[in-house]
Every structure is written in structure tokens, then in C-alpha cells.
Amino acid sequence: MSTFRPRRSVLYMPSSNERALEKAKTIACDALILDLEDAVAPDAKPAAREAAAAAVRSGEYGNRELTIRVNGIGTEWHDEDIKVAAQAGPAGVVVPKVNSAAEVLALVAALEAAGAPEHTRLWAMVETPEAIFNVREIAAASPRLAVLVMGTNDLVKETYAEHVPGRAPLLTALSLSLLAARAAGVAILDGVYNDVKNLDGFLAECEQGRQFGFDGKTLIHPGQVEGANEAFAPSAQAVEDARGLIEAFESSTGGVVTYNGRMVENLHVESAKRTLAIAEAIAALG
């Protein structure tokens, strides 16, 4: 089984805000997206670009996975964003509105031309109807693509839908994207929850995302980190059950294997091993 990287809580932070970048060093999120796009005013983008690169190089963010979200393809800032981000060498470069496999390949070529180290991977945002129709090809386009990031706000906007509890208008897009990620063997992150004061609504959406199979959730406020970390981590009971199931299977001398009254097959063992791998990877974060 491949090494699991926890991405339960992935927090957007505006790179134009020095205080926010400093605060991010103390937030217990698994990953940070140092934002150059939506959270940064046009006249602040050049300084934000340099601040994000400096943050990545600083080595002051502990075990948090650092990424930089650049401005979109075709914008006046995109090319320089890609160049500076690549040279800073974050864990990932997050690109909004990736609509095709051809764009993935062009982005990978641009990162490599700018000197991105091998560990700097592409995170592609899926946030348009076109991207949904192409998501399987996007997910499988390049070994350098590591993560799909759902841009649910833009999907709602682009489809003229509404934000509603349960996210019925988005279920098709979420499902297709999840399937594409799993088919390609890449990670996938659920979109943001906008009402930062509605904790119950946020936790319900985290639970929905976990049930779907997402690896974690993108966040817009530090107050959402704890809930996401808990929702996307195996519970103590789940870990105990996983260990017991594996032990029962491995100690079997043949015939039908049961654990807690349920039949155990290879597929259950694989799921249990994944649960333990996730729990161990989270524990290793400290």
C-alpha cells in the first residue's frame, strides 16, 4: 500500500496578509493553500507571490503540507506565479479552473521548465461544467498530478444552482470527480463550506464528504480545522475494529472467517489496512 499523506484539513490563507501567514504556523491543519488568487486584490498580487514563496522556503511550518494557489490560466499573473511557485518548491501548486487533460500537460511542462523540484506536484481545481465532463482524463493526465480539489462555489455559480443543505445540486459532480480520482489513484479534496458560523452545517457537510470517500476538506477559516480533522480521521473504534478484523483473518486456518459476527473477505482486510495506514500517518504528524 502506498504511503498515505493526511489531508483532512486544507486551509486557504491569503498570502497578502502577513499576520495570516504568521498565524498559519500555529494552526493544526494538515495542509495550507497559500493563496494568490481569490483572496488577494489585483494590486497586492506581486507582493503576495513573493510572500508565499518566502513562506515555503522558511521551513517554519512544521509538518504542514505547503502549497501555493496561483492565478488561473490566461490571467496576467499566471505565468509569473507558476515560475515563482515552481522555484520555491512547495509540496504542490494549486491551479484553478483546470478544464482538460491538455491543460494539465501544459501546466506540468511549465512547472518543469521553471525548475520545479520532483516533490512539487500539481493540484488541479475542478470547478466548471467542462471540467466535470473531462474529469476522468484530467485525473489521469500526468503522474505529476497528485490531487483534485473541488471548487464547489464556482460549480454552483457556473450551473446557476443554489447552496442548500445536503448539496443535492452538486452530487453528480462530486460523485463523478471522486470516481475519477480513485480510478487514477490520486487524492481528492471536498470544497469549502461558506457559513463559518454554522458549525452544525459544517460538520454535517464534513460527514457527507467523508461518507462519499473524500480525503479531506478545503477550509476558509481556522475555526473549521478541528471539525475537519476529526471527521476525516478514523475513530478509535474504527481503528480497534480494523486491528481485530485483520488479526481474525490472518489467524484463520481456512474456511469462513468472521469478526464480530460478520463475514470477512480480502476486500474487508484491504479496507482495514487502509484505515490503519491513515491512523498511523495522522499519529506521525504529532
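**Exercise 1. Cysteines**

Find out whether C206 is buried or exposed in this predicted model, and how many disulfides the structure holds.

*Solution.* 
Step 1. Start with accessibility. The relative value for C206 is 0%, so C206 counts as buried.
Step 2. Turn to C29. Its relative accessible area is 5%. The cut-off for buried is under 20%, so C29 is buried too.
Step 3. Search for bonds. A disulfide is a covalent bond between the sulfur atoms of two cysteines. The search of the whole structure finds zero disulfides.
Step 4. Check the distance. For C29, the nearest cysteine sulfur is that of C206, 14 Å away. The cut-off for a disulfide is 2.5 Å.

**Exercise 2. A strand and its neighbours**

State which residues of β7 lie on each side of the strand, and which strands pair with β7.

*Solution.* 
Step 1. Recall the pattern. In a regular strand the side chains alternate between the two faces of the sheet.
Step 2. Apply the pattern to β7, residues 187–190. A187 and L189 lie on one side, I188 and D190 on the other. All four are buried, and both faces of the strand are covered.
Step 3. Look for partners. β6 runs parallel to β7, and three bridges join them. β8 (residues 216–219) also pairs with β7 in the parallel sense, over two bridges.
Step 4. Follow L189. V149 stands opposite L189. In β8, the bridge partner of L189 is G216.
Step 5. β7, helix α9 (residues 199–212) and β8 make a right-handed β-α-β unit.

**Exercise 3. Salt bridges**

Say which parts of the chain the R69–D38 pair ties together, and whether R69 is buried or exposed.

*Solution.* 
Step 1. Recall the idea. Side chains of opposite charge can pair when their charged atoms come close. The count here is 19 salt bridges.
Step 2. Take R69 and D38. Their closest N and O atoms are 3.8 Å apart. The cut-off is 4 Å, so the pair forms a salt bridge.
Step 3. R69 lies in strand β3, and D38 lies in the loop between β2 and α2. The pair ties together parts that are 31 residues apart in sequence.
Step 4. Compare accessibility. R69 is buried at 6%, whereas D38 is exposed at 57%.
Step 5. Widen the view. D35, E37, D38 and R69 are linked in a network of salt bridges.
Step 6. R144 and E112 meet in a salt bridge at 3.3 Å, N to O. R144 is in the loop between α6 and β6, and E112 is in helix α4, 32 residues apart. R144 is buried at 9%, while E112 is partly exposed at 45%.

Methods
Residues are numbered from 1 along each chain as its sequence is written. This is a predicted model: local features need pLDDT of at least 70, side-chain atom pairs count only at pLDDT 80 or more; totals for chains, interfaces and linings use all residues. Side-chain values use heavy atoms; hydrogens and water are left out. A salt bridge is a side-chain nitrogen of Lys or Arg within 4 Å of a carboxyl oxygen of Asp or Glu. Buried means under 20% relative accessible area, exposed over 50%, partly exposed in between (1.4 Å probe, protein chains only). Two strands pair if DSSP finds at least two bridges between them. A crossover is right-handed if, with the strands pointing away from the viewer, the path from the first strand over the helix to the second runs clockwise.
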